[in-house]
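Colleague: I'm new to this one. Could you show it to me and walk me through the main parts?

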Amino acid sequence: MRQKMLSAGFALALVGGLAVGCGDGGGSGGDANEISIVMSNHPWQKAIEPLIGEFEKSSGVKVNVQTFAEQQARDKISLTLQSRSSSMDVFMTLPSREGLQFAKAGYYAPLDDYMSKSGSYDVADFPAAVKTGMTVQDKTIAAPVNVEGVVLFYNKDLFAQYGVTPPKTLDELPTVAAEIKRKSAGKVTPIALRGQSAALPFTFGPFLHSQGLEWTKPDGTPNFDTPAAADVINRYATLARDFGPPGVANNTFTQSSALFAAGNAAMELESSNEIGSVNDPKTSKVSGKIGVLDFPAGSAGSKSTVLNWGIAMSSYSKNKDAAWKFIEWATGKATQLKLTEGGIAPPRTSVAQDKSYTDTLNTDTLKEWAAALANVQTSGSTEVGPVGVAAPEMRKVVGEAVGKVILGQSDADTAAKEIQTGLTPLLAKNAG
Amino acid sequence: MGDLMTKPSATPGPVGAGPAVGTPPRRRRRRVDPTARGVLPFALPAVLATAVLVLVPIGYTIWLSVSDRQADGTNSGFLGLANYAEMFDSPQFWSSLKITLFLFVVCLLLETVLGLALGYVMSLDVPGQRIFQGMMLIPAITASVAVGLVWLLIMDPTLGAANQILGAVGIDPVVWLGDPDVAPWAIALVDIWQWTPFMALIISAGIRSLPEEPFEAAALDGASGWRLAWNVGLPLLRPVLTVAMLLRTVDLVRFFDTIYIMTQGGPVNSTNTLNVYGYNAGFVDNQPSYAATLQIALLALVIMIAGLFTWFRQRAAR
């Protein structure tokens, strides 16, 4: 009998966690001059954390920082917002991913009034595309903190050693990869790229856009019922399966950059942001030997994906004025200029053109990097994945279907059909 | 439950202090009379705490599962069993159930068999036995997050130690976590590494407390070695073994932590257990009601399996 009660007790304890998480928790607002920030482990977070002390001194606002790995940060932010808790005032957000979803749920406190009232903020300094990315239904939901996009890193030493020319087009990419595989007798991974389902669309999108395709048709339905879409899936999956690292289906930027920094991968298809880690002599064996290229051109040219992270104010914050003070400082001109020292590409035009910043781009690697990033900004698509309220789920649909082709469980035609049927009901939610 | 209900003996003590006065030989049968005045207030805090911490969350989760709670915290009200219909229609649910049961069966079986062997070794009185026992506990008391992170490094296909060791003895590298056919086994391996010593500890304590007489009697009848262990030792050990297995069962059916750290259910859902699936539904896809439905299904599964165990155990005891 006691055993039965014991097992029942164990079982009952199970559901506790979820239910408590969904409760309409309050959470203490704390002192009016104290704010809490939740950040994702990201180069911007690493660059700004050491500067926060200066803000605390000048503003008198105490800042509590909580940092988590990307997925855990999302979970924490999502949980805090779902429970309408005031325990978090400011959080890092990816408007291209969760913007619509969060805005529809009322999680963002609009920043328009704060921005227009601030004398020195200068909203016009952000390029129009960046501002549009931070806007949902005419409301500014976040302030941009960086700009990044998909570029192709390559290891100059390995390319010289094998006498290979870096690829300029999508057609050349597999040929170059095959040559490296052959000449290194399989010892070097030709290209590190993403395979993990939720993360894959970011590096998959440029293949689609560079072949002149979009995620969706003009009427808002999925655009995967064409042979061209299946061809793009085939290109990506072949590259990953035949020339990617072992276990690529589970990889995202952390694994890709670890391989590239260890000198085990000849190319890495990743965010321009990764320059901070792969070119850091303290953590990378290939620092100073890196070349940076535009995303290889397809039939429609080189069309990368451009992405801005933002910081947003929780609509459940009880210290909104102090929270704004932080956002104003963190995304103001002076701070963004300082952040460039940490390798953060500035979203503000005035900072991007500031001589004290451009002068620091003084190595071949950094010059190539800046040029590739400029191309990302002028011709990149802002649609990281299919756009909509169910964006995170839609990315998983795309990632899982392509992942199955990478693993040889399915072929490109089947995957295209799977994406088409998987996205249809999720995109239909946008109408509601 | 029977003896809990037993009334105190014919001569009740002063109200509220009943059990204090009693005749020594019957002492073990005596219980506080729950209906006696003055007793209830003392039990109330425990009852309330249990209700708040256990029943309320379960009730709330059940409510979530039959209603339509939105990500913004509003609830559009009663939905009936729509979420359950969605769940039973979802191929992902059935594949998650399969993975959950696969990990449960493989891990429990191997942890029990290896735990028996290791537990027997640990029950022997040899020099250094206590140090060995202490060391064996380390995996079980290490936080699962740390265990997951370390194994993630070990199992990295290119840079990890596992493949370097295999390579040194001439075995081809294994894609531990990136191959859907291997990943569930790799996850099982980590769990077996972490929890076999725990099983062994319980079992060795059980072996040490076994009475010697049955063994001596069987030995006199001519039994020895395996026969002794199989026909005498194992049946005597059964109560201890079922408790240890039940503890692991409850953990295994709701397998979450190391998977979440190591694969987050990937590659392409090959390690997506029910619990990981439910978590992602709640916190990535922002569908609290559907997530609650999955958690209720998981709860039902745990109760079913634990119930089966208890039933087997009671049947064996008879």
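**A walk through chains A and B**

Modeller: UniProt positions follow the numbering used here, feature names are shortened, and annotations may be inferred rather than shown by experiment. Residues count from 1 along each chain as its sequence is written, with chains lettered from A and ligands numbered from 1 in the order written. This is a predicted model, where local features need pLDDT of at least 70, side-chain atom pairs count only at pLDDT 80 or more, and totals for chains, interfaces and linings use all residues.

Colleague: How far apart are the end C-alpha atoms of residues 38–63 of chain B?

Modeller: Helices (H or I, at least four residues) and strands (E, at least two) are DSSP runs numbered from the N terminus. Residues 38–63 of chain B are 92% helix and 0% strand. The end C-alpha atoms of that span are 36 Å apart.

Colleague: What share of residues 97–309 of chain B is helix?

Modeller: UniProt, again in an unreviewed entry, lists those residues of chain B as "domain: ABC transmembrane type-1". The end C-alpha atoms of the span lie 19 Å apart, and its strand content is 0%. Its helix content is 75%.

Colleague: How many helices does chain B have, and what share of its residues is buried?

Modeller: Chain B holds 14 helices, along with 2 strands. Of the 318 residues in chain B, the buried share is 34%.

Colleague: Which helix gives the largest share of the side of chain B that touches chain A?

Modeller: Contact here means C-beta atoms, placed from the backbone, within 7 Å. The contact takes 45 residues from chain B and 43 residues from chain A. On chain B's side, H2 (40–65), H11 (225–253), H13 (274–283) and H14 (288–317) each supply at least two residues. The largest share, 11 residues, is from H14(B).

Colleague: Which helix gives the most to the side of domain 1 of chain A that touches domain 2 of chain A?

Modeller: By an automatic or database domain assignment, chain A splits into domain 1 (26–144 + 309–346) and domain 2 (148–306 + 378–431). Their contact joins 11 residues of domain 1 of chain A with 11 residues of domain 2 of chain A. On the domain 1 side, H5 (95–105) and H7 (128–133) of chain A give two or more residues. The one giving the most, with 6 residues, is H5(A).

Colleague: What is the average pLDDT of chain A?

Modeller: pLDDT is the predictor's confidence in each residue, from 0 to 100. In chain A, 93% of the residues score at least 70, though residues 1–29 of chain A are below 50. The average for chain A is 89.

Methods:
Two residues are in contact if their C-beta atoms, placed from the backbone, lie within 7 Å. A residue is buried if 20 or more other C-beta atoms lie within 10 Å of its own, exposed if 12 or fewer, and partly exposed in between; C-beta atoms are placed from the backbone.
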